[in-house]
Amino acid sequence: MGDISLIDESGTVSPYELQSNAVGDPGPASPRARVAFAAAHVVPRIAGNNVPGAAADIDWDATMAFRHHLWSWHLGVADAMDTAQRNMGLDAPAVRELITRSAAEAAQVGGALVVGVNTDHIESQDISVDEIISAYLEQLHHAEDAGAQAVLMASRHLARAAHDPADYRRVYGAVLARAVQPVILHWLGTPFDAQLAGYFGSNDLSVARATVRAIIEDNLDRVAGIKVSLLDGRTEIALRRELPGSVRVYTGDDFNYVDLIAGDADGHCDALLGAFATCAPVASAALSALDDGDEDRFRALLHPTQTLARHVFAAPTEHYKTGVAFLSWLNGHQPAFTMVNGLQSARSLPHLSRLVQLADAAGALEHPELAAQRWTDLLTVHGVRSPMRVFL
């Protein structure tokens with residue numbers, strides 16, 4: 001399908017042949033056995049001033065087209081969340097416009113959509129608990145007015161202001177009481193954001209889990225589910241087993257999602273994953289296999305994507321967005337390998353080289369010939385032209 005070169009950390013270049021691993025066309029209907037959302041990124045405008053510290057200048061046509069790509073594979077879209085570079089380049093006006101635009105597009109095609117609600121439009125680092133509640137409500141009302149279901153994201157402001165679990169119960173209770181429709185909570189761990197240390201009142205996950213459970217039990221009619229992004233499967237499973245059946249647990253564990261989605265005799269997790277944005281056709285096919293009761297095929301399809309995801313999300317984990325944008329570019333969903341805030345530079349060329357190889361093995365390269373050409377062009381820009389040892 002295409003001969004390319006790969007480069008490792010020593011600068012050694014070696015030949016590699018891409019394979020064709022296409023999964024076919026989307027099935028006729030959305031998966032039924034699991035609910036699945038792919039967290040989507042944003043595409044910058046090529047001529048925009050998307051340098052570090054600048055306001056995001058977004059290519060809205062390409063950004064919305066990527067969401068339609070995910071919907072076409074029967075996945076829901078989780079928008080304006082970490083993958084869209086919240087707190088890493090996506091400024092508050094851009095967040096508001098992204099939510100408004102995505103909600104309108106979802107309504108046109110009947111696509112499932114949830115959007116992130118936070119307090120990050122407040123520039124001051126330290127605000128009171130009452131101000132945190134007001135900030136959450138401002139974003140919640142905007143999301144609901146746009147017609148989108150909200151994901152109540154973890155707030156850096158709250159992590160700094162809260163003194164104990166009671167402060168978390170107070171904030172979440174006040175915000176959830178004003179929600180028009182049930183929301184999804186979000187428990188984001190420090191691998192994704194070091195500023196959220198001690199969230200829900202403790203660095204001890206068992207103590208924090210008790211606070212999460214109490215918040216949900218206090219507001220059961222206002223909580224539809226919780227996305228757990230801790231990279232700690234035992235805590236996620238323990239929480240799932242403790243919660244009422246009406247509350248879905250969406251795995252955000254991009255390292256271990258296959259087993260968590262497959263589940264066990266006590267139940268399963270649904271999915272809200274940035275990883276699924278890198279492999280929508282394969283994820284859709286795997287979930288359809290579960291609908292057919294074929295867990296072996298589900299695992300055979302999805303395990304290679306998990307290997308890919310572990311590389312995409314390798315430490316420093318917060319830079320996984322670079323891998324998402326890179327694969328979007330290789331697959332033809334954006335015109336250039338660029339990101340807001342200049343974050344295309346956050347991963348090395350050898351890291352991206354390994355990503356190409358793993359994406360190929362996972363069937364995540366939708367158009368191998370295009371991917372081969374784009375990767376070769378990127379290597380050429382970096383001075384890599386032949387399979388020999390180079391010094392960069």
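**View 1. Helix H4 in the lining of the largest pocket of the predicted model.** Helix H4 gives the largest share of this lining, 3 residues. Both H4 (156-161) and helix H2 (92-109) supply at least two lining residues each; helices are DSSP runs of H or I with at least four residues, numbered from the N terminus. The model is predicted: local features need pLDDT of at least 70, and side-chain atom pairs count only at pLDDT 80 or more, whereas totals for chains, interfaces and linings use all residues. Residues are numbered from 1 along each chain as its sequence is written, and side-chain values use heavy atoms, without hydrogens and water.

**View 2. Centre of the largest pocket.** The space in this pocket is about 370 Å³. Among its 17 lining residues, Asn 87, Asp 120, His 121, Ile 122 and Glu 123 are the closest to the centre. A pocket is an open set of points on a 1 Å grid where a 1.4 Å probe fits, with protein on both sides within 12 Å along at least five of seven lines; lining residues have an atom within 4 Å of a point.

**View 3. Surroundings of Trp 375.** Beyond neighbours within four places in sequence, Trp 375 is in contact with residues including Ile 4, Leu 6, Phe 326, Trp 329 and Val 356; contact means heavy atoms within 4.5 Å.

View 4. The chain average is 95, and 98% of the residues score at least 70. Where pLDDT is low, predicted coordinates should not be read in detail.

Methods
pLDDT = per-residue confidence, 0-100. Points joined across faces, edges and corners; volume = space filled by probe spheres on them.
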